[in-house]
Amino acid sequence: MLTIALLVGMLAATVACVAVAERVHLPYPILILVVSAGIAFIPGFPHLEVPSDVILPLFLPPLLFATAQHTSWGVFRARWRSLLVLALGLTAVTAFAVAGIAWALVPGIGIPLALMLGAMVAPPDPIAVDAVAEPARMPRRLVSVLQTEGLFNDAIAIVLFQAALGAVVSGESLGPMIAVRFVVGAVLAVGVGFLVGWLFRVVDRPLTSLAARTALGVVAPFAAYMLAEELHASGVIAVVVTALETRRGARAEDGELRMTRTAFWNVANLLITGIAFGLIGVELRDVIAEEGAGIVEYAGPALAVAAVVVLVRLAGTRVLNLATARSGNTIPSDWREGLVLTWCGMRGLATLALALAIPLEDAGHHDLSGYRNLMIVVATTVLVVTLVPTGILLPWLLRVLGMQDDGRATFEQTRELGERAQTAAIAALRERLPELHLPDDQRDALLARLKRLQYDLAPSPALTGSFPVVRAEGSGLAGRAGGAGASGAAAGGGIGASEEEAGDLQAEELRRARMRAARDLAVAAQTVALDAARAEVLAARGEPGIDPAAADIVLTRLDRRMMAVPPTRRGGHGGSRRSGSRRRHG
């Protein structure tokens with residue numbers, strides 16, 4: 001019960017930190033880190049112990065899966081040079097550089113333990129970057145590079161960490177086989193990711209329950225991670241590939257499901273991040289209790305490691321500039337972008353998870369417990385140095401460099417995608433008009449509305465608005481029905497009152513039936529148009545050069561407009577499934 005109470009307290013503290021961060025305009029991970037570090041100084045705070053072997057499988061899959069939902073295969077095709085330099089090369093170089101400085105400064109640490117420490121602090125965190133980039137208005141092209149890097153750098157860091165841990169525990173040798181092991185594990189992980197993504201689509205298609213389909217999206221990342229780890233492959237890469245595949249297979253008619261899953265993962269990311277930062281605070285409290293004043297001796301190596309992490313990243317951005325110079329899309333394009341990319345090398349959940357994953361018991365070939373406290377202190381120091389000052393000062397830095405995003409690039413892409421969505425919607429409606437039997441006045445009204453769809457989807461408050469439901473010809477039908485009823489009454493003046501009332505009831509039922517038919521035709525026509533628009537945006541989202549964030553803006557607005565359409569007997573592909581789902585789930 002105490003463990004549950006502590007976890008609930010961490011969740012509550014996370015929510016409170018987010019609320020305060022919104023008020024003071026700070027990234028919430030910074031406040032969570034400060035609060036979790038403050039836990040270390042609470043007298044008598046109860047001990048919370050989580051088995052080290054469940055840390056990575058518990059924390060990494062959901063966070064990586066949710067983050068990977070914001071990118072696409074097209075981004076990877078366009079940024080593969082950045083991926084190789086930052087996610088793979090720079091992470092490995094940072095790990096070995098930190099291992100070298102730790103080996104030189106910490107007596108008796110040994111190469112395997114030093115490499116464990118280097119792998120632990122090497123990978124920047126995409127969750128931390130996302131949290132600070134949006135409030136600071138960082139240019140989207142740089143955010144895209146950082147997100148791409150953050151999805152795969154955990155893979156090389158975990159491979160190095162596990163290889164070094166194997167050397168510590170069982171005396172395995174460290175050598176060139178680490179690279180071979182990583183390549184083989186990466187290939188197997190890609191296969192696992194495609195397999196789980198395919199199984200996801202096979203199971204998802206026949207499901208009609210919104211809750212079951214959302215739950216399937218929660219199971220997928222854990223299944224991919226555990227299957228890959230059982231095959232001694234990279235669970236991180238398997239989760240990322242699974243996320244990309246499940247997003248690539250998304251269907252136009254799944255708007256309600258997309259919004260539900262997005263809301264779930266936003267909440268899950270927040271709470272899991274809060275628990276991870278809270279656990280590192282508890283670990284730091286234990287270190288202080290064990291070491292006392294001796295913890296000051298760790299300050300020198302910890303600050304030296306933090307300095308190496310920053311300097312290696314600064315050099316890495318220069319290498320990235322040279323590597324992308326011939327691609328025509330150089331990132332960083334100048335020293336300012338290089339400085340921002342260096343500044344945003346924030347460590348986060350991966351560093352926390354690896355620090356918490358260090359076994360508590362002594363290893364067979366090394367006294368691991370003797371250096372575990374040092375690693376916890378170094379990890380916390382690197383987190384503070386790379387997250388707190390950089391996150392607080394990032395808006396100032398972007399203002400000084402004149403690099404704050406004015407939203408123009410996102411606006412242009414959303415406008416382009418809106419035009420494509422409008423063209424697809426009109427073309428689909430014109431193609432289906434003969435079989436819809438839509439009256440001429442309704443057809444003309446709907447086409448006129450669709451010709452303004454691109455303006456409704458633009459990210460400007462002056463241009464946005466709800467997609468209008470085409471007015472059913474109720475008044476005209478009512479007039480005709482009423483006229484028929486009136487003429488019938490006039491012609492049958494001698495009919496008794498009961499017969500006259502029966503005639504009125506029949507006329508009213510006829511009028512309502514005609515109104516329902518007109519409404520169903522309007523709903524079917526809108527469904528055809530909006531499904532075609534969403535299918536076009538989904539296809540565009542995977543194209544190189546298209547920012548997935550811009551596509552998601554347009555797609556979310558289309559989904560909201562579709563959800564505003566009355567669900568009764570929707571036409572178009574997928575319409576019957578949607579209406580059935582709505583009836584089942586209220």
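Predicted model: local features only at pLDDT ≥ 70, side-chain atom pairs only at ≥ 80, totals over all residues.
Residues are numbered from 1 along each chain as its sequence is written, and side-chain values use heavy atoms, leaving out hydrogens and water.

Let's start with α1 and α2. Helices here are DSSP runs (H or I, at least four residues), numbered from the N terminus. Helix α1 (residues 2-24) packs against helix α2 (residues 28-38) at an angle of about 130°, and their axes lie 8 Å apart. Axes are lines fitted to C-alpha atoms over the stretch in contact, and angles run from 0 to 180 degrees between N-to-C directions. On to the cores, which are sets of buried Ala, Val, Leu, Ile, Met, Phe, Trp, Tyr and Cys residues joined through side-chain atoms within 4.5 Å. Buried means under 20% relative accessible area (1.4 Å probe, protein chains only).

| Core | Size | Some members |
|---|---|---|
| Largest | 131 residues | Met116, Met138 and Val340 |
| Second, separate | 28 residues | including Leu429, Leu438, Leu457 and Met562 |

Leaving aside residues up to four places away in sequence, Val340 touches Met138, Leu142, Leu397, Leu398, Leu401 and Met403; contact means heavy atoms within 4.5 Å.

Asn153 also sits in helix α8. Is Asn153 buried or exposed? Asn153 is buried, at a relative accessible area of 0%. Beyond residues up to four places away in sequence, Asn153 touches Ala87, Thr91, Pro123 and Pro124.

Terms used: Helix = DSSP H or I, 4+ residues; strand = E, 2+ residues; numbered from the N terminus. Buried < 20%, exposed > 50% of the residue type's maximum accessible area, 1.4 Å probe, protein only.
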